[in-house]
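Have the sequence and the model open beside you as you read.

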Amino acid sequence: MLEQNRAPKSRGFYVRMKLQNSKHGRPQDKGSFYTYCKWVLWLSLTLYFFSSYLISNHPNQNKPTTSLSKTHFSTLPSRALFESVIDNTTTALLKNKELFKGLKVFVYDLPAKYNTDWLSNDRCRTHLFAAEVAIHRAILTSDFFTSDPSRADFFFVPVYVSCNFSTVNGFPAIGHARTLIASAVQLIRTRYPFWDRNQGSDHVFVATHDFGSCFHTMENVAIADGVPDFLKKSIVLQTFGVKHKHPCQEVENVVIPPYVSPESVRKSLENAPADGRRDIFAFFRGKMEVHPKNVSGRYYSKRVRTNIWRKYNGDRRFYLQRRRFMGYQSEIVRSVFCLCPLGWAPWSPRLVESVALGCVPVIIADGIRLPFDDVVPWAEISLTVAEKDVGKLGTILEHVASTNLSAIQKNIWDPRVRRALLFHDRIQPGDATWQVLSALENKLARSYRRGTVSSE
């Protein structure tokens with residue numbers, strides 16, 4: 001059975017902020033106080049008459065006013081204020097024809113066996129690899145889509161290879177991926193002239209599996225197989241990325257976030273504790289092996305998760321659970337730090353879930369390349385701990401909690417950060433698909449159309 005235990009609420013770690021008047025200030029001089037009051041009164045009257053003049057002469061004076069009783073006040077910048085500013089720019093941005101230098105994307109209309117047939121399983125739209133579905137939908141419904149291939153800068157190839165769920169363990173089985181994508185490329189080459197004119201260098205694919213464009217879940221096999229030859233000149237949007245040389249990124253690539261449902265994030269935030277308390281100090285729920293279970297004899301997560309379990313299971317500061325719980329986002333919204341150790345691959349959906357739900361991600365994956373690192377200020381919203389230092393986690397987190405935790409939390413709550421990591425069915429300014437288009441703008445030199453126009 002799935003374990004559905006909630007973290008004990010008696011575990012306490014949360015930060016309260018109070019504004020207190022000093023009890024030891026110098027007594028006010030009465031004369032100075034009287035003079036001060038006169039200045040305040042004079043300034044108040046001046047502002048009153050000045051604002052009255054502005055209101056009476058404002059062209060939108062019939063615009064309904066907002067009741068003060070319905071206004072939320074906060075000592076910190078309001079998330080609603082940030083979001084309203086961003087939302088007010090949406091229409092203008094989407095209508096700006098010069099946005100992304102006028103970039104246009106043609107989407108191949110492939111037979112249903114390559115994509116929509118897989119949607120018969122609802123998980124295909126919502127699991128951690130579902131960015132391949134979300135990006136497809138978002139581009140099709142955006143102003144950046146063109147049905148005229150002669151106007152296209154890039155050609156999107158919508159093949160869903162992550163929706164073949166195993167009947168044994170329920171995980172995506174991607175053994176068919178290379179064959180399916182190769183078949184799609186062959187079909188494109190047969191029906192259209194666009195691939196062969198530059199060997200597909202302006203064609204875009206999505207690979208949201210453990211090791212991206214190598215299309216295998218085990219690193220040793222992925223490295224041995226490498227990127228398929230027919231993809232090596234194309235652009236791959238993939239969740240896998242490392243800072244060092246690796247065979248699975250020997251292709252033009254953009255590191256994208258794993259898919260996390262915006263709707264699940266919204267519901268989890270709505271159901272978060274009303275007082276904003278985070279009573280779990282450090283949280284992790286997921287696979288943590290005590291003994292190696294893989295047939296190769298290797299430990300999952302390079303033994304990092306095993307070491308976390310052995311060191312901190314029973315430590316009252318850490319809430320660690322080894323069993324799955326579908327509602328675990330309700331635990332994230334109550335947590336201060338969320339551990340994001342590597343699995344088979346360095347990346348994890350916990351990176352996105354933590355940020356989206358206001359928990360400080362603790363990244364334990366040496367050399368990882370993080371999604372959209374030119375836009376998302378990862379150094380300001382997360383902690384990075386070396387794999388060899390997991391035994392010092394407790395000390396490290398306590399130090400951060402007593403020094404710059406509040407600054408990190410404030411940065412996380414900037415809605416622009418959350419938006420950049422979430423995919424939507426319809427593109428929103430600043431969201432994950434928006435960031436993909438921004439990355440493609442930087443690759444316009446690969447566009448055959450642009451090269452033709454410039455040569456003329």
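This is a predicted model: local features need pLDDT of at least 70, side-chain atom pairs count only at pLDDT 80 or more; totals for chains, interfaces and linings use all residues.

## Residue classes

## The largest pocket

With those classes, the lining of the largest pocket has 19 nonpolar, 18 polar and 13 charged residues. The lining comprises 50 residues, and Arg123, Leu128, Phe171, Arg324 and Pro349 lie nearest the centre of the pocket. The space inside the largest pocket is about 2000 Å³.

Which elements give two or more residues to this lining? They are α4 (123–126), α8 (262–270), α10 (329–332) and α11 (350–356). Of the elements, α8 gives the most, with three residues.

## Helix α6

Helix α6 has 15 residues, 177–191, and at 1.5 Å a residue it should span 21 Å; its end C-alpha atoms are 21 Å apart, which agrees.

Which residues of α6 are buried? They are Ala177, Leu180, Ile181, Ala184, Val185, Leu187 and Ile188. These residues cover an arc of only 160° around the axis, so they sit on the same side of α6. In general, an α-helix has 3.6 residues a turn, so residues three or four places apart point the same way.

The face of α6 turned away from this buried side carries the exposed residues Thr179 and Thr190. Among what covers the buried residues of α6 is β3 (203–207).

Notes: Residues are numbered from 1 along each chain as its sequence is written. Side-chain values use heavy atoms; hydrogens and water are left out. Helices (H or I, at least four residues) and strands (E, at least two) are DSSP runs, numbered from the N terminus. The expected span of a helix is 1.5 Å times one less than its number of residues. Buried means under 20% relative accessible area, exposed over 50%, partly exposed in between (1.4 Å probe, protein chains only). The arc is that of the directions from the helix axis to the C-beta atoms. Contact means heavy atoms within 4.5 Å. On a 1 Å grid over the protein atoms alone, a cavity is a set of points where a 1.4 Å probe fits but cannot get out, and a pocket is an open set with protein on both sides within 12 Å along at least five of seven lines; lining residues have an atom within 4 Å of a point. Grid points are joined across faces, edges and corners, and a volume is the space filled by probe spheres set on the points. Ala, Val, Leu, Ile, Met, Phe, Trp, Tyr, Cys and Pro count as nonpolar, Asp, Glu, Lys and Arg as charged, and the others, Gly among them, as polar.
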